[in-house]
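Please look over the structure shown below before reading on. The briefing is meant to be read beside it, topic by topic.

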Amino acid sequence: MSERKIILSATDVEVKFQVRSKTLTAIRNVSLDIYEGETIAIVGESGSGKSVFTKTFTGMLESNGSVSNGKIVYDGTVLTDIKTDKEWEKIRGRKISTIFQDPMTSLNPVRTIGYQISEVIMKHQGKNKQEAKQEAIDLMRKVGIINPENRFDEYPFQYSGGMRQRIVIAIALACKPNILICDEPTTALDVTIQAQILKLIKDLQKEYGFTIIFITHDLGVVANVADRVAVMYAGQIVEYGTVEDIFYRPAHPYTWALLSALPQIGKKGEDLFAIPGTPPSLFSEVIGDAFAPRNPYAMKIDFEQEPPMFGISLTHFAKTWLLDPRAPKVELPDAIKNLHEKLLEVVNGGQN
Amino acid sequence: MDDKKVILEVKDLSITFGSGKKTFTAVKNVNFNVFEGETFAIVGESGSGKTTIGRAIVRINPLSSGEIIYDDKKISGKLSKEMDQWVIKNIQMVFQDPAASLNERATIDYIISEGLYNFKLYKNEEDRKAKVDQALSDVGLLPEHKSRYPHEFSGGQRQRVGIARAMIMEPKLLIADEPISALDVSIRAQVLNLLKKFQKERNLTVVFVAHDLSVVRFISDRIAVIHKGRIVELAETEELFNNSLHPYTKSLLSAVPLPDPEIEKSKELIVYDESVHDYSVDKPSFHEIKPGHFIWANQAELEKYRLELK
């Protein structure tokens, strides 16, 4: 793992928003290295900062927000030094492309599908109209559009939600990006369509070799796509590791809580584990561990001092005082012990 | 099973939208019974007609044919004013989008009281206040939330308001239309627990409309799988998971991502292909293939499914 090439490196990133003369700190000193060719999932609830964090990679923060501290480096380019939109254009779309949750808002409703794909090909690859059309049709076929020649001149409203998302993926691919940021691309889709889109993204990754940053709140989707996982809470990464680390050996109480709340492991007739309370307001300074007020394992120090990131293995890190040698030993909650065996039982049901 | 009381009967329900050439049949000859006190789930993809069925039960969508019987009384079609009010009091609904279903210009106090006002379900102002406070505390909100507006709440809290608004009417039957789809994972658990609590305390019957089979498994007693307006399979929850027969049910089950990387990596996706059914001569209908397990199939398929049954 350590020999793999780092394609994007974020160090101590802090993002602040000005909201009605108040300051909201959406990202609080986040560091993360992303390796070439991997799929890293960023998991968190709404408001945890997972979208905001990745928007800093393409300069797409809303105008009232800015990276107030830290450094982001992509393949030798210091992204945090970029000032103008013109400079961003060399990165955004060309090198790092984003697919959003709602395909309808990313597509222009009054232009044909074919026009929207070829436009990108002409602009980014300098091809003429005829060549661009041919490549657009090839791309449409590649993302699973049946009969692309006939559907080239149709409009977005004539496509279903899943098909529209395929088009958005085709447009992103047209620029041959090195990193594809998928911001909840399947949240608005049906489960059967979601499964197809996830498979499509994975197949295309095999073919093109791009790196995927996958933002989601669905742990099922994470298990399906990710090589590595970063868990975010209240503007920080609280734990990261390989997908096996996070699901089978989680170390942060917040990750425990997320896994315990899964309805798949709930027992009939018993209450599901629910995380009490709500995340902290990021308008005021967070003292100590942001999760402490909702954490049944919180110690005195959690309310006073922010925990550092502790290394558990070469791949696995967590930001909790429980990993301090002085902390009492805490076992995994019963609900998520042997998660794999429990879920196997769920899958196999009455067969055993 | 036999001694359970049927509280809701949906008979041959069809619902069409539009007229003439543009007619679209959203729900086709749907039949099912719901027992008192159970959670009955209707699961399907968008456009399958699951929400339409739920809305037909609360009389938002008119039926094209068939009938709906609640507590031995017909509640579909034209009703007298008293009957209409009786239905509203007994059957309440919780909607998917808690932001869109709450009047954003009304206070929480008014939103929750609206049903009480409309039906004069309170003796005096004090009684109404007491009822609202109770409804709020039942869903885990505080009396001081009353003067606030919906936008001041988080998604999970708004959904609690939606549930409080329904439960203050003391309904016997609750139609929950994807009440947790718009919520975060940690909040989902809170709302699911809340619905279960009401069910235990008040013997509430719940019809739960959802697209996610994994959520439904945890809360429901029986599940109906619906595809393009038709129930293709209906069985008790564990029976459906362990013994699914219809290819569409199987494809749905395979598509749900499980939070386990090992299982996900070795999983095979089953894609439903409608052309596997040859209904040109041998016509399909709704059969009870084993007690409590229903399936939409023709004779040839029934034979095949019987062999598959465990």
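This is a predicted model: local features need pLDDT of at least 70, side-chain atom pairs count only at pLDDT 80 or more; totals for chains, interfaces and linings use all residues.

Chain A and chain B bury about 3700 Å² between them, and a search of the whole structure finds 35 salt bridges over all chains. The count of aromatic pairs over all chains comes to 14.

**Contact between chain A and chain B**

- Of the roughly 3700 Å² that the two chains bury between them, 58% lies on carbon and sulfur atoms, and the contact draws 50 residues from chain A and 37 residues from chain B.
- Asp190(A), Val191(A) and Lys268(A) together supply 16% of the area that chain A buries against chain B, which is more than any other three residues supply.
- One salt bridge is found across the interface of chain A and chain B; Lys265(B) forms a salt bridge with Glu244(A), with the closest N and O atoms 3.9 Å apart.
- Nine residue pairs are counted in polar contact between chain A and chain B, with both residues at pLDDT 80 or more.
- On the side of chain A that touches chain B, the elements giving two or more residues are α8 (191-208), α9 (219-225), α10 (243-248) and α12 (339-348) of chain A.

**Salt bridges within the chains**

- Asp245(A) and Arg249(A) meet through their side chains in a salt bridge of 2.9 Å, N to O; Asp245(A) counts as buried at 4% relative accessibility, whereas Arg249(A), at 46%, counts as partly exposed.
- In chain B, the side chains of Lys290(B) and Glu239(B) meet in a salt bridge at 3.2 Å, N to O.
- That pair links distant parts of the chain, with Lys290(B) in strand β11 (residues 285-290) of chain B and Glu239(B) in helix α8 (residues 237-242) of chain B, 51 residues apart.
- Lys290(B) is partly exposed, with a relative accessible area of 24%, while Glu239(B) counts as buried because its 19% relative accessibility is under 20%.
- Lys5(A), Glu36(A) and Asp75(A) are joined into one network by salt bridges that share partners.

**Aromatic rings and the charges over them**

- Phe53(A) is buried, with a relative accessible area of 0%, and Phe57(A) counts as buried at 0% relative accessibility.
- Tyr240(A) and Phe317(A) form a stacked pair, 5.0 Å centre to centre with 20° between the planes.
- Tyr240(A) lies in strand β10 (residues 236-242) of chain A and Phe317(A) in strand β12 (residues 317-318) of chain A, so the pair ties together parts that are 77 residues apart in sequence.
- Tyr233(A), Tyr254(A) and Phe291(A) form one aromatic cluster.
- Arg151(A) lies over the face of Tyr159(A), at 4.1 Å from the ring centre, and Arg151(A) also forms a salt bridge with Glu154(A), the closest N and O atoms being 2.9 Å apart.
- In chain B, the charged end of Arg217(B) sits over the ring of Phe241(B), 4.1 Å from its centre.

**A buried threonine**

- Thr39(A) lies in strand β3 (residues 39-43) of chain A and counts as buried at 3% relative accessibility.
- The side chain of Thr39(A) makes a polar contact of 3.0 Å with the side chain of Gln205(A).
- Beyond its neighbours within four places in sequence, Thr39(A) is in contact with residues including Ile212(A), Val225(A) and Arg228(A).

Methods. Residues are numbered from 1 along each chain as its sequence is written. Chains are lettered from A and ligands numbered from 1 in the order in which they are written. Side-chain values use heavy atoms; hydrogens and water are left out. Rings of Phe, Tyr and Trp (its six-membered ring) pair if their centres lie within 6.5 Å; planes under 30 degrees apart count as stacked, over 60 as edge-to-face and the rest as tilted. Buried means under 20% relative accessible area, exposed over 50%, partly exposed in between (1.4 Å probe, protein chains only). Helices (H or I, at least four residues) and strands (E, at least two) are DSSP runs, numbered from the N terminus. A charge sits over a ring if NZ of Lys or CZ of Arg is within 6 Å of the ring centre and within 35 degrees of the ring normal. A polar contact is a pair of N or O atoms within 3.5 Å; within protein, one must be able to donate a hydrogen and the other to accept it, and residues adjacent in sequence count only if both atoms are side-chain atoms. Contact means heavy atoms within 4.5 Å. Buried area is the accessible area (1.4 Å probe) that two parts lose on being put together, summed over both. A salt bridge is a side-chain nitrogen of Lys or Arg within 4 Å of a carboxyl oxygen of Asp or Glu.
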